[in-house]
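Here is a walk through one protein fold, taken a piece at a time. Have a look at the picture first, and then we'll start.

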Amino acid sequence: MSEHPRDRYDLVPDLKAEEAFLDALGRGRLHHAWLLCGVEGAGKASFAYRAARRLLGAASDPSRGPLGASPHDPVSRLVAAQAHPDLLVLERIVEGGKTKKAISVDQARQLPEFFSKSPSQAKYRVAIIDAADDLNINAANALLKILEEPPESGVLFLVTHAPGRLLATIRSRCRRLSFPVWTEAKLAELVQQRTQVSWEEAESAASMAGGSPGAALSLASGPLFEMDQLARMIVEGVGLDRKEELDLSGSFRGAEGEVRFDALMDRLIATVKRHAAETGGREGARWAELWGRLSEMPERAAGLNMDKGDVLLGALADIARTKALH
């Protein structure tokens with residue numbers, strides 16, 4: 001299982017973003033809402049938790065970056081335990097092992113009550129929305145009401161992977177911080193610092209990650225790395241014969257099998273998307289259409305409780321048909 005952003009202390013997502021935030025804080029010009037923009041996995045949520053710990057009173061630990069704090073600080077411990085009274089986090093709820101599609105309006109309605117109270121332990125009350133892209137339309141409108149009447153001593157962090165999809169009225173009321181795509185060299189260095197893989201494996205993970213440190217760290221270990229290699233062979237290489245397809249489709253039983261299935265579908269979708277962008281033209285359009293179809297499969301399969309093996313066989317057949325049109 002990948003590390004949650006609230007448990008990361010040594011990853012500095014972007015030095016300039018941290019310095020800009022600290023400059024605003026130091027000059028007494030702290031904006032009430034921060035829109036954190038960048039590719040998924042760029043460290044936006046990690047930044048939000050780092051900034052939140054500072055606003056909630058955690059002592060500075062410069063060895064961990066400008067917004068660094070020790071995991072042993074009392075504030076850090078409360079945040080890690082999801083027990084700090086001055087911090088509210090809105091994210092998609094997991095029920096029955098399944099993650100809901102959106103952040104609901106009922107969740108968003110917690111914001112007015114939360115910000116109506118004075119801070120109990122800190123100078124500020126802080127809310128993190130991870131991700132604002134997941135707000136349904138009613139939830140987005142509930143958030144907008146808070147932004148229109150900024151709470152006293154309140155600060156919001158809105159994580160977004162696609163800011164253009166947010167309401168323009170939300171975007172206009174936030175200060176934007178953009179998190180750049182990491183270079184492969186920087187990603188490889190991060191992976192080797194944080195994992196036990198070889199330099200060659202770190203470089204391979206970096207090349208697959210699309211500029212995302214979160215993706216690079218996930219790819220460096222566990223089933224995702226293995227599944228990425230398999231996805232590349234299926235999409236861009238010789239593919240699998242029928243026996244290999246059937247053997248693979250029958251391997252997704254139990255909790256470990258479910259993790260493998262999710263990892264393979266994730267990498268198939270990412271590989272097809274990348275292939276569509278690299279190919280371009282009419283052929284690229286066909287791969288883009290395939291990407292759209294594959295992207296819907298995991299959620300539809302979960303909603304209909306479909307057999308994961310059958311879902312994979314359907315995806316492989318669709319990929320094979322698209323390759324045959326070349």
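Helices and strands here are DSSP runs, numbered from the N terminus: a helix is H or I over at least four residues, and a strand is E over at least two. What you see is a predicted model, where local features need pLDDT of at least 70 and side-chain atom pairs count only at pLDDT 80 or more, while totals for chains, interfaces and linings use all residues. Residues are numbered from 1 along each chain as its sequence is written, and side-chain values use heavy atoms, with hydrogens and water left out.

Let's begin with the sheet. It is an open one of five strands in the order β2-β5-β6-β1-β7, with parallel pairing; two strands pair if DSSP finds at least two bridges between them. At the edges sit β2 (87-90) and β7 (175-178), each of which pairs on one side only. Neighbouring strands are turned by 15 degrees against each other on average, direction ignored. For these angles, axes are lines fitted to C-alpha atoms, for helices over the stretch in contact, and angles run from 0 to 180 degrees between N-to-C directions.

Now follow β6 and its partners. β5 and β6 run parallel and are joined by six bridges, and V126 has V155 as its bridge partner in β6. Helices lie against this sheet too. α1 packs on it and touches β1, β6 and β7, with a direction about 155 degrees from that of β7. α2 packs on the sheet as well, touching β1, β2, β5, β6 and β7, and its direction makes about 170 degrees with that of β6. Contact, by the way, means heavy atoms within 4.5 Å.

What about β1? Five bridges join β1 to β6, running parallel, and L36 finds its bridge partner in V159 of β6. β1 also pairs with β7 in the parallel sense, over four bridges, where L35 is partnered with R176. Five of the five residues of β1 are buried, so this strand is largely enclosed by the rest of the structure. Buried means under 20% relative accessible area, exposed means over 50%, and partly exposed is in between (1.4 Å probe, protein chains only). A33, L35 and C37 point one way from β1, while W34 and L36 point the other way.

Which residues touch the most other members of the largest nonpolar core? They are F21, W34, L36, F47, V126, F157 and L177, out of 31 residues in that core. A nonpolar core is a set of buried Ala, Val, Leu, Ile, Met, Phe, Trp, Tyr and Cys residues joined through side-chain atoms within 4.5 Å. At least two residues of this core come from each of α1 (15-26), β1 (33-37), α2 (44-55), α3 (74-80), β5 (125-130) and β6 (154-160). The largest share, seven residues, is supplied by α2. Apart from this core lies another, of 27 residues, including I103, A108, A139 and L143. In soluble globular proteins, nonpolar side chains tend to be buried together. Zooming in on W34, and leaving aside its neighbours within four places in sequence, you'll find it in contact with F21, A24, V155, L156, F157, L158, R175 and L177.

D61 sits in the loop between α2 and α3 and counts as buried at 17% relative accessibility. Its side chain makes a polar contact with the side chain of R64 (2.8 Å). A polar contact is a pair of N or O atoms within 3.5 Å; within protein, one must be able to donate a hydrogen and the other to accept it, and residues adjacent in sequence count only if both atoms are side-chain atoms. In the loop between α3 and β2 is Q82, which has a positive phi near 55 degrees without being a glycine and is exposed, at 58% relative accessible area. In the loop between β5 and α6 (137-148) is A131, and the peptide bond from D130 to A131 is cis, with omega near 5 degrees.

In α12 (residues 242-249), the buried residues are E245, L248 and S249. They cover an arc of only 95 degrees around the axis, which puts them on the same side of α12; the arc is that of the directions from the helix axis to the C-beta atoms. Finally, A320 is in helix α15 (residues 308-324) and is partly exposed, at 42% relative accessible area. A320 and G239 are 81 residues apart in sequence, yet 8.3 Å apart in space, C-alpha to C-alpha.
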